[in-house]
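Welcome! Please take a moment to look over the model before reading on, and keep it in view as you go.

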Amino acid sequence: MTNIILLGPPGAGKGTQASYLVETRNMTQLSTGDMLREAQANGSEMGKKVAEVIARGELVTDEIVIGLIREKIAEGAEGGFIFDGFPRTLGQADALAALLAETGLKLDAVVELQVNDEVLVKRIVNRAEEARAAGKPVRADDNEVSVRIRLTEYYKKTSPLIGYYYAKGELKSVDGLQSMEEVQAEIAEVLG
Ligand code: ADP
């Protein structure tokens, strides 16, 4: 069993790589973004509460996302967990460490996908345009204004985690500007 964190700014390709790991390694993807969007779609009280925050591109409270992750970890995962979009703050990182310790799980690696901002904004804006053209739903936060806020949130609150995991000897950085297949291969190498 392998447990990893996928770290990187919005649009870095975390979701794409997570899907590949789910298929090839029988791992379980825990995406807090997906969980929050599900809560909105179900019309739950929590979903309604966070909808505007998400649409603006800001982070929801640690308490909410830690609660979501706690429930999922309790369910267990045969092939291990891929934490995608969590942790996003140092508080969340500490909470995750405590949850893993409680459950007797070990973190095997923190894989950082390195990319540059202009590529990110283009990727996300293109993703929205493609969805619109195909008549598919477009995420409320996939517009240029919210993307810029998501990036600022990333640099302010999430990027400190790179130093945090580096200091713990757990960080593995991968060039996220390579092709999807090249990134897959590099992650496979990191995971052994
Ligand atoms: P992306 O990585 O493309 O920005 P996500 O689907 O991971 O998208 O997250 C979408 C939004 O959901 C975030 O901008 C934020 O509002 C909220 N969110 C997701 N995960 C977290 C988290 N761990 N902590 C706080 N907010 C989160």
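Where is the place of P87? P87 is found in the loop between strand 3 (81–84) and helix 5 (90–103); helices (H or I, at least four residues) and strands (E, at least two) are DSSP runs, numbered from the N terminus.

This is a predicted model, in which local features need pLDDT of at least 70 and side-chain atom pairs count only at pLDDT 80 or more, while totals for chains, interfaces and linings use all residues. Residues are numbered from 1 along each chain as its sequence is written, and side-chain values use heavy atoms, with hydrogens and water left out.

**Two backbone details**

Most residues other than glycine have a negative phi, and most peptide bonds are trans. The bond joining F86 and P87 is cis, with omega about -5 degrees. N26, in the loop between helix 1 and strand 2, has a positive phi of about 55 degrees although it is not a glycine.

**Around the ligand**

There are 18 residues around the ligand, and T32, R37, E58, Q92 and R150 come nearest; a residue belongs here if one of its heavy atoms lies within 4 Å of the ligand. Helix 2 (residues 32–41) gives the most to this shell, with four residues. By type, the shell holds seven nonpolar, four polar and seven charged residues (Ala, Val, Leu, Ile, Met, Phe, Trp, Tyr, Cys and Pro count as nonpolar, Asp, Glu, Lys and Arg as charged, and the others, Gly among them, as polar).

| Protein atom | Ligand atom | Distance |
|---|---|---|
| T32, polar side-chain atom | nitrogen | 2.8 Å |
| E58, polar backbone atom | oxygen | 2.5 Å |
| Q92, side-chain N or O atom | nitrogen | 2.9 Å |

Taken alone, the ligand exposes 550 Å², and the protein buries 96% of that (areas come from the Shrake-Rupley method with a 1.4 Å probe).

**The largest pocket**

The ligand sits in the largest pocket, as more than half of its atoms lie within 2 Å of the pocket's grid points. On a 1 Å grid over the protein atoms alone, a pocket is an open set of points where a 1.4 Å probe fits, with protein on both sides within 12 Å along at least five of seven lines; lining residues have an atom within 4 Å of a point. This pocket holds about 1000 Å³ of space, a volume filled by probe spheres set on the points. Its lining has 48 residues, with P10, G11, K14, R139 and R150 nearest the centre. Elements that give two or more residues to the lining include strand 1 (4–7), helix 1 (14–25) and helix 7 (144–158).

Key:
Polar contact = N/O pair within 3.5 Å; in protein donor to acceptor, adjacent residues only side chain to side chain.
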